[in-house]
There are 2 protein chains.
Amino acid sequence: MKLSTKFTMALHLMIAVDYFSNQKITSDFLAGSINTNPVVVRRLLSQLKAANLVEVVRGTGGVKITQPLDTITFLDIYNAVEKPELFHFHDHPNLECPVGSHIHELLDQRLADVQKAMEDKLQTMTLADLTTDLSHMV
Amino acid sequence: MKLSTKFTMALHLMIAVDYFSNQKITSDFLAGSINTNPVVVRRLLSQLKAANLVEVVRGTGGVKITQPLDTITFLDIYNAVEKPELFHFHDHPNLECPVGSHIHELLDQRLADVQKAMEDKLQTMTLADLTTDLSHMV
DNA sequence: TTTTGATGTAACTATTGATGTTACGACATA
DNA sequence: TATGTCGTAACATCAATAGTTACATCAAAA
C-alpha cells in the first residue's frame, strides 16, 4: 500500500502559495494548479494551518506562509497531513503462541527506527530547496 | 495513510516458520499464530515464494526458508509484499501552471531519496537479528 | 486406487480511508 | 447589504486491504 497523495498535494500547495505570493490566492486558484476540488485544498490548508505553517484569511480569502521557507522541512509538511505511524501492525497476534506473544517486543523498536530514518531524510529537505530549483526552471 | 499490515504479518510468518521448523508447518497453523485466515497466510506465502524466500510444499504441506536467516533482510520481506513506490503522486497537475508543470521535476528525485533512506535502514535488519532476540525471550 | 489433508486461487463481502462533490452557514470587505 | 471566500458537514465514489467460502489440484499414506 502506498501513502496517500496528500503529502505531494501539500508540497505542491506550499510551492504554489510562495510562487504566486504577489497575488491573492484562493482555494479555487490552488485547486486549478493541482487539478482537484477546492474543498480538497481547503482541507489540506486546514491541516497546514493547524501545524502553523500557513495563515488563511477567512472571508476575503488569501493564504500566506508564516515561516521562512528554509525553516520549513518536508517533515513538517508530512507530519501536518499524514498519520504519525508509518507501519501498521496486524491487530491480534495470538498471545498463546511464543512468536505471537513476543512479536511486538521484537518489532516495535525496529519499525520505529526505520520510520526515524525516513523522517531524518525528510527533515534535510526544505521548501527553500524547491523554490530555488523552480526559479531556475521557469 | 499507513502502510498495510502485510509487512508485519510477513515478518511474523517468517519468524514462526523458523521457530517451529522442527515440525510440519501449515497455513492453518501459521494463521493461528497471526490470528487471521489461512487464505491470507497462503497469499503472503505465495508472495514470499515468488521472492525466493520460502519453499511451500504442495499437497502434503510444509514451509521452509530457503536462505540463511542472516542474509534475509527486512527489505527483502518488504519488497516481497509491498508496492515498489512508497509515495503516491497526485495524478493530473495542471501543466498550464508553472508550478504544476514542474512539480514532478521538483519532487521525483527527492521522494526517491527519502524512500532510499527507508530502504537502506530496512536492509540493515535481518531475520537472524529477530531469532536471536526471540531466543533470549522465551 | 482411494482417502486424506494440504495448497493455489477465484470469487465474493466487508471495511477503511482517500478523494471528489454539493451545499450552506460564517465571515470580511467593498 | 451584496459579494466572494473560507470552514465544514454530508454524501458519493473509488481503491486497497483483509477476511471468507468454495473448490480444483496435488502428494502421500492407507
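**Close-up views of the protein–DNA and chain–chain contacts**

**View 1. Helices facing DNA strand C.** The surface near DNA strand C receives at least two residues from each of α3 of chain A and α3 of chain B; helices (H or I, at least four residues) and strands (E, at least two) are DSSP runs, numbered from the N terminus. The element that gives the most to this surface is α3(B), with 5 residues. The model is predicted: local features need pLDDT of at least 70 and side-chain atom pairs count only at pLDDT 80 or more, whereas totals for chains, interfaces and linings use all residues. Residues are numbered from 1 along each chain as its sequence is written, chains are lettered from A and ligands numbered from 1 in the order in which they are written, and side-chain values use heavy atoms, with hydrogens and water left out.

**View 2. Surroundings of DNA strand C.** DNA strand C is surrounded by 27 residues, and the closest are A:Thr5, A:Thr36, A:Arg43, B:Ser27 and B:Lys49. A residue is near a strand if one of its heavy atoms lies within 4 Å of it. Sugar or phosphate provides 59% of the atoms of DNA strand C within 4 Å of the protein, and bases provide the rest. The surface near DNA strand C has 6 nonpolar, 11 polar and 10 charged residues; Ala, Val, Leu, Ile, Met, Phe, Trp, Tyr, Cys and Pro count as nonpolar, Asp, Glu, Lys and Arg as charged, and the others, Gly among them, as polar.

**View 3. Base contacts on DNA strand C.** An N or O atom in the side chain of A:Arg58 is 3.0 Å from a base nitrogen of DNA strand C. For B:Arg42, a side-chain N or O atom is 3.0 Å from a base oxygen of DNA strand C. B:Gly59 places a backbone N or O atom 2.8 Å from a base nitrogen of DNA strand C.

**View 4. Surroundings of DNA strand D.** Around DNA strand D there are 27 residues, of which A:Ser27, A:Lys49, A:Gly59, B:Thr5 and B:Thr36 come nearest. Of the atoms of DNA strand D that come within 4 Å of the protein, 58% belong to sugar and phosphate. The largest share of the surface near DNA strand D comes from α3(A), with 5 residues.

**View 5. Phosphate and base contacts on DNA strand D.** The side chain of A:Ser27 has an N or O atom 2.7 Å from a phosphate oxygen of DNA strand D. At the bases of DNA strand D, a side-chain N or O atom of A:Arg43 is 3.3 Å from a nitrogen, and a side-chain N or O atom of B:Arg58 is 3.2 Å from an oxygen.

**View 6. Contact between chain B and chain A.** Chain B and chain A contribute 55 residues each to the contact (heavy atoms within 4.5 Å). About 5,300 Å² is buried between the chains, 74% of it from carbon and sulfur atoms; buried area is the accessible area (1.4 Å probe) that two parts lose on being put together, summed over both. B:Met1, B:Lys2 and B:Arg110 supply 14% of the area that chain B buries against chain A, more than any other three residues.

**View 7. Salt bridge between A:Arg110 and B:Asp133.** The closest N and O atoms of A:Arg110 and B:Asp133 are 3.1 Å apart in a salt bridge (a side-chain nitrogen of Lys or Arg within 4 Å of a carboxyl oxygen of Asp or Glu). Between chain B and chain A, the count is 2 salt bridges.

Notes:
Polar contact = N/O pair within 3.5 Å; in protein donor to acceptor, adjacent residues only side chain to side chain.
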